[in-house]
Amino acid sequence: MSEETPDSLIPYDEIVQEALRAVVGRVLGEIENTGGTLPGEHHFYITFKTGAPGVTIPPHLRERFPDEMTIVLQNKFWDLKVDEDGFTVGLSFNQIPAKLDVPFSAITAFVDPAVDFGLQFQASPEELDSESHDDAENDVAERKPHPAVTESDDGSNVVTVDFGKKK
């Protein structure tokens, strides 16, 4: 028997990524069902690839965030609509309202710092060389610092899935 792990004919990594993105959809769907009201101190940081297929954002935001941006759903958001493929939300950026359409497949991170929960999604190979980005700075009151999504050694509920091939 060989110590080398054989290539899987079942796309486990894609199946798990899809299931984890469904968690985001379910959470946002529950917020939509309550009229857009977040319970308690819950709020979300959602990072997504702005150039991913299906992402629709205003040109001035695409220019400012050509690769990736992080939005905050906390105090000032409206018209949250969720379907099986993604979500639409209204946000304000520097007092300018904007509508964003984001497919779940474009999301790279979802964090709820109120309960120290986060999901980080595997980037496709062509996205691995992407540059770092600033938060989108959509208008929120009393914004808390952005938590680190990748640090899960501290006992937090951050889930990072990496299906790299063993060599």
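Let's start at Glu68, which counts as buried, with a relative accessibility of 12%. Keep in mind that you are looking at a predicted model.

What does Glu68 pair with? Glu68 forms a salt bridge with Lys49, and the closest N and O atoms of the two are 3.8 Å apart. Follow the chain and you will see that this pair links distant parts: Glu68 sits in strand β2 and Lys49 in strand β1, 19 residues apart. Through salt bridges with shared partners, Lys49, Asp67 and Glu68 are joined into one network.

Now turn to the other salt bridge of Lys49. Here the side chains of Asp67 and Lys49 meet, with 3.3 Å from N to O. Asp67 lies in the loop between α2 (59-64) and β2 (68-73), while Lys49 belongs to strand β1 (residues 44-49), so this pair ties together parts that are 18 residues apart in sequence. Is Lys49 buried or exposed? At 5% relative accessibility, Lys49 counts as buried. Asp67, by contrast, counts as partly exposed, at 26%.

Next, have a look at helix α1, which covers residues 12-33. In this helix, Arg26 and Glu30 are 4 residues apart, which means that about one helical turn separates them. Arg26 forms a salt bridge with Glu30, and their closest N and O atoms are 3.3 Å apart. Arg26 is exposed, with a relative accessible area of 61%, and Glu30 is partly exposed, with 43%.

How many salt bridges does that make in total? The count comes to 3 salt bridges, taking a side-chain nitrogen of Lys or Arg within 4 Å of a carboxyl oxygen of Asp or Glu as the rule.

How values were computed
Residues numbered from 1 in each chain as written. Predicted model: local features only at pLDDT ≥ 70, side-chain atom pairs only at ≥ 80, totals over all residues. Heavy atoms only, no water. Helix = DSSP H or I, 4+ residues; strand = E, 2+ residues; numbered from the N terminus. Buried < 20%, exposed > 50% of the residue type's maximum accessible area, 1.4 Å probe, protein only.
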